[in-house]
Amino acid sequence: MVVTASEIGAFLRRFSDAYATWMLPLNQQHQLPPNGLDILLFLANNPGKDTARDICRCRQLKPGLVSITVEKLVQAGYLQRQNVPGDRRKDRLVCTPAAEAIIEEGRRQQEAFGHRLNEGLSKEDTDCILRCLAVVDQNLKQIGNKEEPSHAKQSTF
């Protein structure tokens, strides 16, 4: 049996919707703009990926949306822009101390979401899921790089 792209896409949308619903109360509690919590958590959880371009690339968000959200987070005092040495067009985005409590609560909510997703699964089940996702991820990388899949490569004797 083959899992179709449509089935995977539907699953990913359900996952994304469930995560957004899970995190919405925290976003609302702190009156953050849409995607504000996601951007703060991305910056806090991914050291070295600290530019708007990194956020767009890794989170698959549109540049205009990221720009507006970052500006609102800067105005609210949760982010600071810092010049990138050697590239005056780029700014590093740095979470401020005012964002620390939000980030910590966001991380707790992310962990709770993960636990909720894994309810009813054994360690063996989760290990299997992780192995399967690693293979799918490798396949996606090959497809994205237009590499020939390993199973299709012909050996030369």
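This is a predicted model: local features need pLDDT of at least 70, side-chain atom pairs count only at pLDDT 80 or more; totals for chains, interfaces and linings use all residues.
Six helices and two strands make up the secondary structure of this chain, where helices (H or I, at least four residues) and strands (E, at least two) are DSSP runs numbered from the N terminus. Reading from the N terminus, the order is α-α-α-α-β-β-α-α. Residues are numbered from 1 along each chain as its sequence is written, and side-chain values use heavy atoms, with hydrogens and water left out.

**Overall shape**

- The chain has a radius of gyration of 19 Å, while a compact globule of 157 residues would come out near 15 Å. That radius is taken over C-alpha atoms, and the globule rule is 2.2 Å times the number of residues to the power 0.38.
- Along its principal axes, the C-alpha trace spans about 60 × 45 × 25 Å.
- Take contacts between residues at least 6 apart in sequence: 49% of them join residues at least 24 apart. Contact here means heavy atoms within 4.5 Å.

**Surface and burial**

- The accessible surface of the chain is about 11500 Å², and 55% of that belongs to carbon and sulfur atoms. Accessible areas come from the Shrake-Rupley method with a 1.4 Å probe, and for residues only the protein chains shown count as cover.
- Of the 157 residues, 24% are buried. Buried means under 20% relative accessible area, exposed means over 50%, and partly exposed is in between (1.4 Å probe, protein chains only).

**The nonpolar core**

- In soluble globular proteins, nonpolar side chains tend to be buried together.
- The largest nonpolar core here has 23 residues, and Ile39, Leu40 and Ile55 touch the most other members. Such a core is a set of buried Ala, Val, Leu, Ile, Met, Phe, Trp, Tyr and Cys residues joined through side-chain atoms within 4.5 Å.
- At least two residues of this core come from each of H1, helix H2 (36–45), helix H3 (52–59), helix H4 (63–75) and helix H5 (100–117). H2 gives the largest share, with six residues.
- Setting aside neighbours within four places in sequence, Leu40 is in contact with Leu32, Leu73, Tyr78, Leu79, Cys95, Ala99, Ile102 and Ile103.

**A buried threonine**

- Thr69 is found in helix H4, and Thr69 counts as buried because its relative accessible area is 3%.
- Leaving out neighbours within four places in sequence, Thr69 is in contact with Pro33, Pro34, Asn35, Gly36 and Ile39.

- Val3, Ile8, Phe11, Leu12, Phe15 and Leu117 make a nonpolar surface patch of about 560 Å². Patches are made of residues with over 30% relative accessible area and no salt bridge; like charges are joined within 9 Å, and nonpolar side chains (Val, Leu, Ile, Met, Phe, Trp, Tyr) within 5 Å. A salt bridge is a side-chain nitrogen of Lys or Arg within 4 Å of a carboxyl oxygen of Asp or Glu.
- Helix H1 (residues 5–29) gives the largest share of the patch, four residues.
- Phe11 sits in helix H1 and counts as partly exposed because its relative accessibility is 46%.

**Two glutamines with positive phi**

- Most residues other than glycine have a negative phi.
- Gln31 has a positive phi of about 50°. Gln31 lies in the loop between H1 and H2, and is exposed at 71% relative accessibility.
- Gln60 has a positive phi too, near 55°. Gln60 is in the loop between H3 and H4, and is exposed, with a relative accessible area of 66%.
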